[in-house]
Amino acid sequence: FKGTIRGRAFCFLPIGDIFTGLPVHLNACFHVKKDRRGLWIQDSTSSSLGLVGKQVDYAKWNEFLLTNALPILWMEVLVQMAEEDGKAAAKNAFLRFPNLTREVVLVDQHTIPCVDEAWRPCAQKLYWQISE
């Protein structure tokens with residue numbers, strides 16, 4: 001592939017117009033909002049969002065997926081890609097690592113955007129998982 005790598009979030013179908021900034025698409029059994037335009041996420045602004053009752057549980061589930069399940073699966077995919085033979089396979093695996101800098105990175109003809117803030121915990125946990 002050539003060009004910009006723009007990861008998207010899916011819960012069986014695309015979730016709104018969410019572009020994660022990750023170099024992969026993520027498909028998980030997220031708790032999505034009724035309009036399917038976003039995820040329930042609890043962050044520093046959650047009190048202003050008024051998360052109550054089940055919404056708090058939904059946000060905790062999504063956080064669990066982002067910081068536990070998805071980074072482990074992502075790492076397994078990277079390992080499988082790295083085990084493939086050939087320079088193209090190694091480069092393809094390299095391009096699937098997230099860009100945690102605050103600037104867009106250009107690798108050959110591939111533009112790798114920086115990770116969106118809401119998805120940084122997932123990317124950070126991937127690097128932590130690899131270091132273990």
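1. The side chains of glutamate 117 and arginine 120 meet in a salt bridge, at 3.8 Å from N to O. This is a predicted model. The structure holds one salt bridge. Side chains of opposite charge can pair when their charged atoms come close.

2. Is arginine 120 buried or exposed? Arginine 120 has a relative accessible area of 9%. That puts arginine 120 under the 20% cut-off, so arginine 120 counts as buried.

3. Arg120 also belongs to helix α4, where it is one of the buried residues. What do the buried residues of α4 pack against? Their partners are β4 (26-27) and α2 (54-83).

4. The length of α4 checks out. Helix α4 covers residues 120-131, twelve residues. At 1.5 Å a residue, α4 should span 16 Å. The C-alpha atoms at its ends are 17 Å apart, which agrees.

5. How many disulfides does a search of the whole structure find? The search finds zero. A disulfide is a covalent bond between the sulfur atoms of two cysteines. The cut-off for the sulfur pair is 2.5 Å.

6. Take cysteine 29. Its closest cysteine sulfur is in cysteine 11, 5.1 Å away, so the pair is too far apart for a bond.

7. Cysteine 114 is another case. The closest cysteine sulfur to that of cysteine 114 is in cysteine 122, at 16 Å, and this too is too far for a bond. Cysteine 114 counts as partly exposed, because its relative accessibility is 27%.

Definitions and conventions:
Residues numbered from 1 in each chain as written. Predicted model: local features only at pLDDT ≥ 70, side-chain atom pairs only at ≥ 80, totals over all residues. Heavy atoms only, no water. Buried < 20%, exposed > 50% of the residue type's maximum accessible area, 1.4 Å probe, protein only. Helix = DSSP H or I, 4+ residues; strand = E, 2+ residues; numbered from the N terminus. Expected span 1.5 Å × (residues − 1). Contact = heavy atoms within 4.5 Å. Salt bridge = Lys/Arg side-chain N within 4 Å of Asp/Glu carboxyl O.
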